[in-house]
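Please keep the sequence and the three-dimensional view at hand while reading.

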Amino acid sequence: MTAAPLIKIATDEPAAKLSLAGLTRDRLKVALAAAGVPEKQLRMRVGQLWSWIYVRGVTRFEDMTDVSKDLRRQLEELYTLDRPEIVSEQISVDGTRKWLLRLPKRGHEARAPEIETVYIPESDRGTLCISSQVGCTLNCSFCHTGTQKLVRNLETEEIVAQIMLARDRIGDWPGAKGPDDGRLLPQSERKITNVVLMGMGEPLYNFDNVKAAMDIASDGEGLSLSKRRITLSTSGVVPEIPRWGEEADTMLAISLHATNDALRDELVPLNRKYPIAELMEACRNYPGLSNARRITFEYVMLKGVNDSLAEARALVRLLSGIPAKINLIPFNPWPNTRYECSDWETIERFADVVNRAGYASPVRTPRGRDILAACGQLRSESLKLSASERNALSQGG
């Protein structure tokens with residue numbers, strides 16, 4: 001398999017002006033007030049800009065034709081509609097796209113932080129995997145992201161901006177043209193149909209910013225994603241799970257990967273703080289849980305570690321009574337990992353046990369392995385791999 005090309009896009013330092021793209025209504029109101037908009041006009045003007053930014057995806061104030069020229073000029077002087085800077089874009093042979101994004105520096109930061117965002121197209125849907133933190137604190141032993149120390153939480157606008165940038169790049173705004181590179185895009189009108197918080201970081205450790213960002217994403221007068229098509233994946237921050245269900249009302253995924261505390265302590269160290277029994281109790285009590293709104297349990301298949309038939313039977317017992325779907329994830333290798341992916345026959349036997357117990361257990365098709373964009377491979381300190389290394393990773397060994 002030929003390695004995907006690395007398209008270098010980064011140019012200059014990010015602009016110092018605040019970008020209005022990604023702001024909540026309240027923060028947009030504050031920005032407009034600072035630009036001199038009278039109090040009695042603020043609600044109307046927020047509505048106008050909200051539509052231009054989140055429905056039509058404009059990137060220039062001059063395109064806001066129902067906004068007065070004087071206000072457009074004032075906004076141009078004070079603000080931008082910039083997205084994060086694209087350091088690189090990689091496109092997998094299977095159509096998966098990965099962007100390495102550089103965020104503006106904060107005052108205390110010595111260098112601009114970077115994150116990764118991944119778009120996974122299928123014929124009838126497109127899933128955007130977004131990050132919630134720069135790095136991660138959880139140190140899950142099988143996850144490449146866990147090898148990068150936490151730098152900071154993402155702000156609300158930095159989370160939303162990942163969706164907007166992806167829509168720019170694949171032509172997902174009304175009337176926009178898609179890329180002409182011949183790679184797979186959905187046949188549906190919307191090219192991004194689903195958003196998953198499965199990128200870098202633990203989203204429940206950045207609760208408020210993630211919640212505000214998903215409110216923007218699901219706003220019916222803006223980006224207009226259904227909450228049924230937004231999934232938050234957590235490694236098990238038990239106290240925040242019920243709160244997320246009550247306040248955000250999205251779908252939930254649990255990064256499980258083991259059925260006993262001894263093994264999960266090793267694979268997902270957060271388990272030492274919130275053991276499996278507590279996690280399962282939080283899942284059983286998740287607000288809105290039903291057969292129509294099942295929890296997805298993610299289970300990475302690690303050769304000789306958690307892939308026995310005994311583990312499959314234990315998984316069925318563990319999830320008894322919880323409306324659930326089980327995603328079996330073939331391990332996606334990354335440089336210097338000590339784990340191997342389970343053999344395909346082993347995965348099939350494991351899935352058969354789970355299926356016979358009445359649980360849907362799709363095996364997730366690895367996507368974007370050749371560009372380190374698959375589940376568990378994201379890390380913003382880019383590694384330069386040889387063609388042979390990339391080919392080995394894409395082949396799973």
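The model is a predicted one. Its largest nonpolar core has 108 residues, and the structure holds four aromatic pairs.

**Aromatic rings and charges**

- One of the four aromatic pairs is formed by Phe207 and Trp244, whose ring centres are 5.4 Å apart. Their planes stand at 80 degrees, which is over the 60 degrees required, so the pair is edge-to-face.
- Phe207 belongs to helix H5 (residues 207-217) and Trp244 to helix H6 (residues 240-247), so the pair ties together parts that are 37 residues apart in sequence.
- Phe207 counts as buried because its relative accessibility is 5%, under the 20% cut-off. Trp244 is buried as well, with a relative accessible area of 0%.
- Arg243 lies over the face of Phe207, at 3.6 Å from the ring centre.
- Elsewhere, Arg56 lies over the face of Trp52, at 3.6 Å from the ring centre.

**Helix H1**

- Helix H1 spans residues 25-34, and its buried residues are Leu28, Ala31 and Leu32. Viewed down the helix axis, these residues fall within an arc of 95 degrees, so they line one face of H1.
- An α-helix has 3.6 residues a turn, so residues three or four places apart point the same way.
- Asp26, Val30 and Ala34 are exposed on the other side of H1.
- The buried residues of H1 are covered by elements including helix H2 (42-54), helix H3 (69-78) and strand S3 (79-80).
- After H1 comes Gly36, which has a positive phi near 95 degrees.

**Nonpolar core**

- Within the largest nonpolar core, the residues with the most contacts are Leu20, Ile53, Phe142, Met214 and Phe297.
- Leaving aside residues up to four places away in sequence, Phe142 touches His257, Leu267, Val268, Val300, Leu302, Phe331, Trp334 and Tyr339.

**A buried polar residue**

- Gln133 is found in strand S8 (residues 133-134). This residue, Gln133, is buried, with a relative accessible area of 2%.
- A polar atom of the Gln133 side chain lies 2.9 Å from the backbone nitrogen of Glu202.
- Not counting residues up to four places away in sequence, the residues that Gln133 touches include Ile115, Leu150, Arg152, Asn153, Leu154, Met200, Gly201, Glu202 and Tyr205.

Definitions and conventions:
Residues are numbered from 1 along each chain as its sequence is written. This is a predicted model: local features need pLDDT of at least 70, side-chain atom pairs count only at pLDDT 80 or more; totals for chains, interfaces and linings use all residues. Side-chain values use heavy atoms; hydrogens and water are left out. Rings of Phe, Tyr and Trp (its six-membered ring) pair if their centres lie within 6.5 Å; planes under 30 degrees apart count as stacked, over 60 as edge-to-face and the rest as tilted. Helices (H or I, at least four residues) and strands (E, at least two) are DSSP runs, numbered from the N terminus. Buried means under 20% relative accessible area, exposed over 50%, partly exposed in between (1.4 Å probe, protein chains only). A charge sits over a ring if NZ of Lys or CZ of Arg is within 6 Å of the ring centre and within 35 degrees of the ring normal. The arc is that of the directions from the helix axis to the C-beta atoms. Contact means heavy atoms within 4.5 Å. A nonpolar core is a set of buried Ala, Val, Leu, Ile, Met, Phe, Trp, Tyr and Cys residues joined through side-chain atoms within 4.5 Å. A polar contact is a pair of N or O atoms within 3.5 Å; within protein, one must be able to donate a hydrogen and the other to accept it, and residues adjacent in sequence count only if both atoms are side-chain atoms.
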